[in-house]
Amino acid sequence: MLWAALLLSSRLDGTPPSTDALHGLALWALQFTPRVAVVDEAVVLEVEDSVRLFGGKRALRDRVRQESTDLGAGALAWASTSLGALALARAGIENGFKKPLSDLLDGLPLETLTATRPHRTTLSQLGCQTLGQVRALPRGGISRRFDADLLTALDQAYGQRPPAHAWITLPETFKARLELMSRVEMAPAMLFGARRLLMQMCGWLAARQAGATAFTLRWAHDTMRARGVGEGGGLTIRTAEGTRDIEHLCRLLAENLAKVELEAPVLDLELVADDVRPLEVASASLLPDAVNKGESLNLLLERMAARLGPERVLRPVLVADHRIEWMQHWQPANEYRANGKGAGKGKAKSKAPEAVSMPQPTFVLATPLRLAMRGPRPMFQGPLQLLAGPHRVEGGWWHRVKDEAGERTHLVRRDYWVAMSEHAGFLWVFQGRLAEEETGWYLHGTFA
Amino acid sequence: MAAALQWTGDDDSGPVPVSLPPVAARTASSELPAAVERALWRGDQLGAPVSDVVSSGFPALDAELPGGGWPCCSLTEVLQAQAGAMEWRLLGPALRRIVAADQMVVLVAPPKHPHLPGLRHAGVDEKHLIWVQAETPAERLWCTEQLIKSAAFGALISWIPQARPEQIRRLQVCAQGCDGPVFLCRPLAARHESSAAPLRVITALDVDWQLRVQVFKRRGPAHSGGLSLASVPGGLEAILTPRLAHPSRLTPAREVPADALGSPVALVETRRHAPVH
């Protein structure tokens, strides 16, 4: 048996840690093993069967130590029994395997075992200072003079009796609260606290074999706040793929928090997992995997969308239309996955052969540019030489839009030409009708 | 004296455990194992990059590029007078290979809107294209750097008109860890600045359907003169008539009035007015 005891450091004013904090730590610990219990002010977990999954004892120990420190755990100890580990953690000894456990425990003071506390006075009057001295007393006498709990606890700590714990069960939904150490006035500074909550959430997700696609961070304003400022605020973050990668979630949150402006100082944080999906993790491979070198493109695009805005990281969808402006539709990359497989793709497939056969520019202008004229010739960086055309594009009466000027249609009637410019290369220009009988030449694209 | 002997003895046996073949034998390349041969660079050769390359699709250009194509783990600067005039004509054949290998093409801050129906002629399809609309120079650099670091793309084309040499150097250092070619499209004026990109190419329009390409920085001897590469953009091959194959011959001399008989514009005018009259 390999037990770890994580002692949560008490708060600044000396009061024991809150149940919320203990429960949060236990949730995080559930990712390593289902055998997690809360004992007094500590969390104990049994990880013997998980050692190989997490890459060996040393790797597991390092990971537990590092992450639990981030979560605020003060002391950590390893031993072959849960109460033994807890006693060692209280005494500040981390490794319970360097000597036989009974040797280590014998030297510890009485306070390290909770069951001795009610009998502290009697025991000290008997001359017992350490656990070893209590253990040396005759067993029959202990059970008669003290209650049976002391003997049970002693046996459990020394591994002579199986431990009995009320295991923490995994909740169906995740919701965690955190009281910040001090008032936070800048939104990015909330990240420190939010990271703790995210770590708990990632532990919960790992235990459920799931990944989050949406989570909400809520904050409550301090009671000392200006009038007219609300109770608090919130931020919901969505990802395209379920993930429980703490680094990625933290970066996304950081990008979003950078845009938030707090109306009042914040004292409380709450994290809720809104949408959770089952997640298949890549199995560990014997051979080195060349694919997983960097961050995956989807994760990166999400991060860029978080900074630039989702409408600026785009992927195209072809649309069956012959007017250049509506031939394609640019969609935010994070929505693409959902829609791209459905209607958009089907349309593109049916349209594909036709689209390939027609010459089309590779760059287009957002709005056609009216060209200057010299006599009958359109000019763009010098006179244009019309090479091929006209290619008549007409239609759009069915495409109605409403704007402030009232309802109108996107009707176009244009003759497209391929034009050559000495400096700008090959251009896609058109002659369109203006009011009356006039016509005008426009630049619309480039064959770049 | 003993110490000196000791020292020379070390020098002979330490760094060169295997005795070198004589000079005459070393010049014959067949003597060397292939792995050594690849790692060896001689002064008269083009430098062979350690990384993979993607063929540019133009045999004449491949012959001038170290390794025979666009390098994959480093930056390539494409300099041109006007952004958005010939990028796809130059890079299209290479992108076609990348998309065919099911990898993504990412565009950062192109000067105009990319037009997918036209890009399909260059082999780029909708499933493999991403457009990142960065605007400020800082955003362009940030996006480019993040993409390069992620190494999750097949090809990256980034339009960075303003960048300081140390910023380009930073990108180049990051690029050594990625797998695809990274193209930075920059204005022609940047040729006067130093750049950490190991390959820099100046492109310009040439007569007719040709591009003028000069490789003005590469690993190896300097490239004198330029190359003319025939590249017809956007599926226009399909409609090229023999007359259109040499559009430069159509350009009237400056003195000829635009609406003279036989000039294309005059033809247009008569054709357009014909039904009316």
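**Domains of chain A**

I began with the spacing of two domains in chain A: the C-alpha centres of domain 2 and domain 4 lie 49 Å apart. The model is predicted, and I kept that in mind throughout. I then looked up the bounds. The domain assignment gives domain 1 as 3–158 and domain 2 as 175–280 + 297–304. Domain 3 covers 314–357, and domain 4 covers 363–447.

**A helix pair in chain A**

Next I took helix α3 (residues 82–91) and helix α8 (residues 148–158) of chain A. Their axes are 6 Å apart, and the packing angle is about 85°. Angles of 65 to 115 degrees count as roughly perpendicular, so α3(A) is roughly perpendicular to α8(A). Which residues of α3(A) meet α8(A)? I found A:Leu83, A:Gly84 and A:Ala87. Facing them in α8(A) are A:Ala153, A:Gln156 and A:Ala157. I sorted the residues of this contact: four are nonpolar, two are polar and none is charged.

**A sheet in chain A**

I traced an open sheet of four strands in chain A. Its order is β5-β8-β6-β7, and the pairing is antiparallel. The edge strands are β5 (175–184) and β7 (232–243) of chain A, each pairing on one side only. From one strand to the next, the twist averages 20°. I followed one pair in detail. β5(A) and strand β8 (residues 266–278) of chain A are joined by six bridges, in the antiparallel sense. A:Lys175 has A:Val272 in β8(A) as its bridge partner. Then I checked what packs on this sheet. Helix α9 (residues 190–207) of chain A does, touching β5, β6 (210–221) and β8 of chain A. The direction of α9(A) makes about 30° with that of β8(A).

**Chain B on its own**

I turned to chain B. I noted ten helices and eleven strands. Chain B has 277 residues, and 39% of them count as buried. I also looked at contacts between residues at least 6 apart in sequence: in chain B, 64% of these join residues at least 24 apart.

Is β3(B) mostly covered or mostly open? Mostly covered: six of its six residues are buried. In a regular strand, side chains alternate between the two faces of the sheet. I therefore checked each face. B:Leu75, B:Glu77 and B:Leu79 are buried on one side of β3(B), and B:Thr76, B:Val78 and B:Gln80 are buried on the other.

With strand β8 (residues 182–187) of chain B, β3(B) pairs in the parallel sense over six bridges. There B:Glu77 has B:Leu184 as its bridge partner. With strand β9 (residues 199–205) of chain B, the pairing is also parallel, over four bridges. B:Leu79 stands opposite B:Ile202 in β9(B).

**Where the chains meet**

Last, I went to the contact between the chains. How many residues does each chain give? I noted 52 from chain B and 50 from chain A. Elements giving two or more residues to the chain B side include α5 (87–100), β6 (129–132), α7 (137–150) and α10 (264–273) of chain B. The largest share of that side comes from α7(B), with six residues. By type, the chain B side divides into 31 nonpolar, twelve polar and nine charged residues.

Strand β9 (residues 313–318) of chain A and β6(B) run antiparallel, joined by two bridges. A:Leu314 has B:Trp131 in β6(B) as its bridge partner.

Conventions: Residues numbered from 1 in each chain as written. Chains lettered and ligands numbered in written order. Predicted model: local features only at pLDDT ≥ 70, side-chain atom pairs only at ≥ 80, totals over all residues. Domains from an automatic or database assignment. Axes fitted to C-alpha atoms, helices over the stretch in contact; angles between N-to-C directions. Parallel < 35°, antiparallel > 145°, perpendicular 65-115°, else oblique. Contact = placed C-beta atoms within 7 Å. Nonpolar A, V, L, I, M, F, W, Y, C, P; charged D, E, K, R; others polar. Pairing = 2+ DSSP bridges. Buried ≥ 20, exposed ≤ 12 C-beta atoms within 10 Å, placed from the backbone.
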